[in-house]
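Visitor: Hi, could you walk me through this structure? I am new to it and would like to take it slowly.

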Amino acid sequence: MVPLVTGEEPIQVLFVRAGCVVCHRIPGIAGADGKVGPPLWLGKTGAARLADPQYRGQAQTVREYIVESVVSPGTYVVPGFPADTMPAWYGRKLTAGALDKIAAYLELVMDEP
Ligand code: HEC
């Protein structure tokens, strides 16, 4: 595979190159003002996702939920947002290191800075 990003990049570069900024607001990331998907402040919203009775995924922690959401977006569709819209191929285009870096950042984001 030719990864979009390796995980060696600074987090700002990683989110831009992976294209997440087009669809998501991500506090602390310049230019991340997309409105297609939910704002990515999983430090605030992650626990509620796991507690939702509609949640049918495998994740036990917010960190695992973030990785699952990126590699398998159809596992749980956030209420109020469109299904089959987030690309389903990120699992083939992001290295394990890049996924880990994304999850480590997002699980700590509480709100707008
Ligand atoms: C083409 C638009 C698009 C792109 C690009 C995109 N996403 Fe998404 N994303 C969505 C939509 C729409 C949802 C909500 C529906 C769903 O849950 O699948 C979502 C949901 C999510 C969720 C769950 C959020 C929550 O509040 O529970 C995470 C985490 C996520 N995306 C991370 C990412 C990351 C990281 C990237 C880049 C690697 C990315 N997305 C790229 C559209 C996109």
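This is a predicted model: local features need pLDDT of at least 70, side-chain atom pairs count only at pLDDT 80 or more; totals for chains, interfaces and linings use all residues.

Visitor: Okay, is Ile102 buried or exposed?

Guide: Ile102 has a relative accessible area of 3%, so it is buried; buried means under 20%, exposed over 50%, and partly exposed in between, with a 1.4 Å probe and protein chains only. From Ile102 to Val67, 35 residues away in sequence, the C-alpha to C-alpha separation is 8.2 Å.

Visitor: Let's switch to the ligand. Which residues coordinate its iron atom?

Guide: His24, through NE2, and Met86, through SD, coordinate the iron atom of the ligand at 2.0 to 2.2 Å. Donors here are N, O and S atoms within 2.8 Å of the metal (3.2 Å for Na, K and Ca), and since water is not among the atoms, sites may look incomplete.

Visitor: And where do those two sit along the chain?

Guide: His24 lies in the loop between α2 (20-23) and α3 (42-51), while Met86 lies in the loop between α4 (62-71) and α5 (90-93), so the pair ties together parts that are 62 residues apart in sequence.

Visitor: Why is the arrangement around the iron atom octahedral?

Guide: The six donor atoms around the iron atom subtend angles of 88 to 179°, and this makes the arrangement octahedral. Six donors count as octahedral, and four as square planar, if opposite donors are over 155 degrees apart and all others between 65 and 115; four are tetrahedral if all angles lie between 85 and 135 degrees, and anything else is irregular.

Visitor: How accessible is His24? And Met86?

Guide: His24 counts as buried because its relative accessibility is 10%, whereas Met86, at 31%, counts as partly exposed.

Visitor: Which residues come nearest to the ligand?

Guide: Of the 25 residues around the ligand, those that come nearest are Cys20, Cys23, His24, Tyr65 and Met86; a residue is near a molecule or strand if one of its heavy atoms lies within 4 Å of it.

Visitor: Which helix gives the most to that shell?

Guide: That is α4, with three residues, and α2, α3 and α4 each supply at least two residues of the shell.

Visitor: What lies by the oxygen atoms of the ligand?

Guide: An N or O atom in the side chain of Arg49 is 2.7 Å from an oxygen atom of the ligand. On the backbone side, a polar atom of Val78 is 3.0 Å from a ligand oxygen atom, and an N or O atom of Pro73 lies 3.3 Å from one.

Visitor: Pro73 again: how far is it from Asp84?

Guide: The C-alpha atoms of Asp84 and Pro73 are separated by 7.8 Å, although the two are 11 residues apart along the chain. Asp84 is found in the loop between α4 and α5, and with a relative accessible area of 83% it is exposed.

Visitor: What is phi of Asp84?

Guide: Phi of Asp84 is near 55°, a positive value in a residue other than glycine. Most residues other than glycine have a negative phi.

Visitor: Last one: what does the side chain of Thr95 reach?

Guide: The side chain of Thr95 reaches the backbone oxygen of Thr6 at 2.6 Å. Thr95 lies in the loop between α5 and α6 (96-106), and at 18% relative accessibility it counts as buried.

Technical notes: Residues are numbered from 1 along each chain as its sequence is written. Side-chain values use heavy atoms; hydrogens and water are left out. Helices (H or I, at least four residues) and strands (E, at least two) are DSSP runs, numbered from the N terminus. A polar contact is a pair of N or O atoms within 3.5 Å; within protein, one must be able to donate a hydrogen and the other to accept it, and residues adjacent in sequence count only if both atoms are side-chain atoms.
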